[in-house]
Amino acid sequence: MTHAIIIPLFNKAPYVSQTLNSLIRQSKLPDELIIVDDLSTDNSLIIVHDFLRNHISAFGNCKILVIELAENKGPGNARNIGFAATHCELVSFLDADDEYHPQLLEIATHAFRVHQLDFMVLNITFMPGNEIYPDLKPLKKYLEPLDADLYLIKNPLMAVSDPHFIIGVGSNVITRSKWIASNRYQAEAQLNEGVDFWYRVLKGILNSVPGKIALQTGGYLYVNEVPGSLSRKKYSHFKQIELPPVISRYVDSKDKHDRLLMGMIGERWYKYALQNLPSDTQRARFLWHYRSLLPKYIGYLLIKR
């Protein structure tokens, strides 16, 4: 099976060589590599061109395309543009500061072919601490062993809304390209936009076919916790914290799974805001500004497992 990898690139000069190096170390090389530079202002793009020029033979027959955008519109827009340029059966997005284990593409191809998977979620090793997420113990009721480190996810829409599950973090999904269909990242969103995108793709699969959705454990995706990431960002005003698209999209949904996901993300969002605002005044203003959402979360608490 052919596999395309899309890398959205913006100011990742200290990391992007490691990311690309993790691709040429694959036991099965990618068939397409699309790098979309989102108008980087450091020397990320120069590093990418230098790396490709110096290691071009190591990519074998991989078709490589570098797209240089004239306007910075965020990683979601870059991913959408990259996906439009792919032609492979499988697709995954790799952030420009993350890395793949050398056997990931080979293992993924084998799993998709042998088990006829539609959608694979990867567990994550956060670097430099080597913490691995998710913890499988609280998710045991959703998991059925398929192969070494590979689990079929039972009731996947319930599983992905479980607070212990991780989807859309570090672009930890591989899927068949056909299932992305008309779904696109919400271009301007940068907070939980991956959760929003992959949940819509997942629902599209399950609305079309029974679908085989799997969790690949074993730590094949390394996510680097870097300075400037959203998890470490501090805000001076509560209005700088954007409303995640999952909340705005599903706040009035009657669908149980939508409400569970919206509630789970909302709970994380409230905690994130309160941790990263500079004063009690800003925290109080945040809570008052979004007070109309609170009844929705109470509804989530009533229906969640």
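Mentor: One definition before that: helices (H or I, at least four residues) and strands (E, at least two) are DSSP runs, numbered from the N terminus. Keep in mind that this is a predicted model.

Trainee: Okay. Which elements each supply at least two residues of the lining of the second largest pocket?

Mentor: Those are α4 (104-115) and β11 (213-224). The largest share comes from α4, with four residues.

Trainee: How much space lies in that second largest pocket?

Mentor: About 160 Å³. Among the residues lining it are Glu106, His110, Asp147, Asp149, Gln216 and Tyr220.

Trainee: And how does the lining of the second largest pocket split by class?

Mentor: Five nonpolar, three polar and three charged residues.

Trainee: Switching to packing. Which residues have the most contacts inside the largest nonpolar core?

Mentor: Phe119, Trp198 and Trp269, in a core of 58 residues. Helix α9 (residues 256-276) gives the largest share of this core, nine residues.

Trainee: What is Trp198 in contact with, leaving aside its neighbours within four places in sequence?

Mentor: The list includes Phe93, Phe119, Ile167, Val173 and Tyr185. There is also a second, separate core of 37 residues, with Ile24, Leu104, Ala111 and Val223 among its members. Ala111 also lines the second largest pocket.

Trainee: Last one, Trp288. Buried or exposed?

Mentor: Trp288 counts as exposed because its relative accessible area is 58%, and the cut-off is over 50%. Trp288 sits in helix α10 (residues 280-289). Its C-alpha atom is separated by 35 Å from that of Gly204, 84 residues apart along the chain.

Key: Residues are numbered from 1 along each chain as its sequence is written. This is a predicted model: local features need pLDDT of at least 70, side-chain atom pairs count only at pLDDT 80 or more; totals for chains, interfaces and linings use all residues. Side-chain values use heavy atoms; hydrogens and water are left out. On a 1 Å grid over the protein atoms alone, a cavity is a set of points where a 1.4 Å probe fits but cannot get out, and a pocket is an open set with protein on both sides within 12 Å along at least five of seven lines; lining residues have an atom within 4 Å of a point. Grid points are joined across faces, edges and corners, and a volume is the space filled by probe spheres set on the points. Ala, Val, Leu, Ile, Met, Phe, Trp, Tyr, Cys and Pro count as nonpolar, Asp, Glu, Lys and Arg as charged, and the others, Gly among them, as polar. Buried means under 20% relative accessible area, exposed over 50%, partly exposed in between (1.4 Å probe, protein chains only). A nonpolar core is a set of buried Ala, Val, Leu, Ile, Met, Phe, Trp, Tyr and Cys residues joined through side-chain atoms within 4.5 Å. Contact means heavy atoms within 4.5 Å.
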